[in-house]
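This report walks through a single protein chain.

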Amino acid sequence: QQIYHQKQTIGSFDFIYQHQGTLIHRESAVKFYLGVPKPQPEACEAFGSSNLSQWWGPNKLDRLDLKLKKLTQHQICLSESPVAQSFLQTQGLQIQRREIDLKGYLFYPWQQRLAAPEGTHPNHLRGYWLTLSQFEAFNADTYWWVLPRMSWLSKAKLKRDEQPIPHPELKTQIETMMMQQASPSLLAKMHKLGEYWIETERFFVVPSGWENINA
């Protein structure tokens, strides 16, 4: 539900729902962040927790600390604004609790040590990111599947008539894609189980120097 003031949108409610008699406003987001180690990592980064600002979206257009700030200081506070309160009153609604639901994947640098960001669930979904040259050096006997954006949420499982791409063939495809458009690609490493191929791990392949690009 979008909230307008003088024909401009000031925010929107993702969910307003009732649970055991309590009316709840919930903001939800699904995000994918890649962790970038510092040139000289602090002790806490390797053994405790990494800084939220070290976790970037694949195209460097988003960052975990900025998203959390927006969620906690703006989006979840919408019901406190006079305009939103006026709307809620017309609907006979009174928010009693607010929740934030942030889900997704964290991708760790391949063959580098980086701790999870502070506050992360210990069983969060995770993958790895590596450069094109690192992917080229991967085991040639592996099989892969390129995940289109609309398939990023769930683990890949190929149909009986679908076949994964052998590493040597995919390596050439990724090289061409990087030359045409220098943006990360999300790949699923596949394993055959009975009649199906299923995802075992997922990797973002990023252009050379991606970690040094300033957003």
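Lys 7 sits in the loop between β1 and β2. Helices (H or I, at least four residues) and strands (E, at least two) are DSSP runs, numbered from the N terminus. Lys 7 has a phi near 65 degrees, a positive value in a residue other than glycine. Its relative accessibility is 84%, so Lys 7 counts as exposed. Buried means under 20% relative accessible area, exposed over 50%, and partly exposed in between (1.4 Å probe, protein chains only).

The hairpin of β1 and β2 has two residues between the strands. Gln 6, in the turn, also takes a positive phi, of about 55 degrees. Strand β1 (residues 2-5) and strand β2 (residues 8-12) run antiparallel and are joined by four bridges. Two strands pair if DSSP finds at least two bridges between them. Ile 3 stands opposite Gly 11 in β2.

## Model and overall layout

This is a predicted model: local features need pLDDT of at least 70, side-chain atom pairs count only at pLDDT 80 or more, and totals for chains, interfaces and linings use all residues. Residues are numbered from 1 along each chain as its sequence is written, and side-chain values use heavy atoms, with hydrogens and water left out.

The protein chain has five helices and 11 strands. Its C-alpha atoms fill a box of roughly 60 × 45 × 35 Å, taken along the principal axes. Of the 215 residues in the protein chain, 38% are buried. Take the contacts (heavy atoms within 4.5 Å). Among those between residues at least 6 apart in sequence, 63% join residues at least 24 apart.

Strand β3 (residues 15-19) runs antiparallel to β4, with five bridges between them. Ile 16 stands opposite His 25 in β4. This hairpin also has two residues between its strands, and Gln 20 takes a positive phi near 50 degrees.

## The largest pocket

How much space lies in the largest pocket? About 380 Å³. The grid behind this has a 1 Å spacing over the protein atoms alone; a pocket is an open set of points where a 1.4 Å probe fits, with protein on both sides within 12 Å along at least five of seven lines, and lining residues have an atom within 4 Å of a point. Grid points are joined across faces, edges and corners, and a volume is the space filled by probe spheres set on the points.

The lining of the largest pocket has 17 residues, and Leu 102, Leu 106, Thr 120, His 121 and His 124 lie nearest the centre. β4 (22-35), α2 (64-73) and β6 (97-109) each give two or more residues to this lining. β6 gives the most, with five. By class, the lining holds nine nonpolar, five polar and three charged residues. Ala, Val, Leu, Ile, Met, Phe, Trp, Tyr, Cys and Pro count as nonpolar, Asp, Glu, Lys and Arg as charged, and the others, Gly among them, as polar.

## The second pocket

The second largest pocket has a volume of about 240 Å³. Its lining includes Val 30, Lys 60, Arg 149 and Trp 152. Six of the lining residues are nonpolar, two polar and four charged.

Val 30 belongs to strand β4. It is partly exposed, at 44% relative accessible area. Val 30 and Leu 102 are 72 residues apart in sequence, yet 6.0 Å apart in space, C-alpha to C-alpha. Beyond four places in sequence, Val 30 touches Lys 103, Gly 104 and Leu 153. Lys 60 lies in the loop between β5 (55-56) and α2. Lys 60 is buried, with a relative accessible area of 6%. Its phi is near 60 degrees, again positive in a residue other than glycine.

## Nonpolar cores

A nonpolar core is a set of buried Ala, Val, Leu, Ile, Met, Phe, Trp, Tyr and Cys residues joined through side-chain atoms within 4.5 Å. The largest has 18 residues, of which Leu 34, Phe 107, Trp 129, Phe 204 and Trp 210 touch the most other members. β4, β6, β10 (185-193) and β11 (196-206) each supply at least two residues of this core. Another core, of 12 residues, lies apart from it, with Leu 130, Ile 174, Met 178 and Val 205 among its members.
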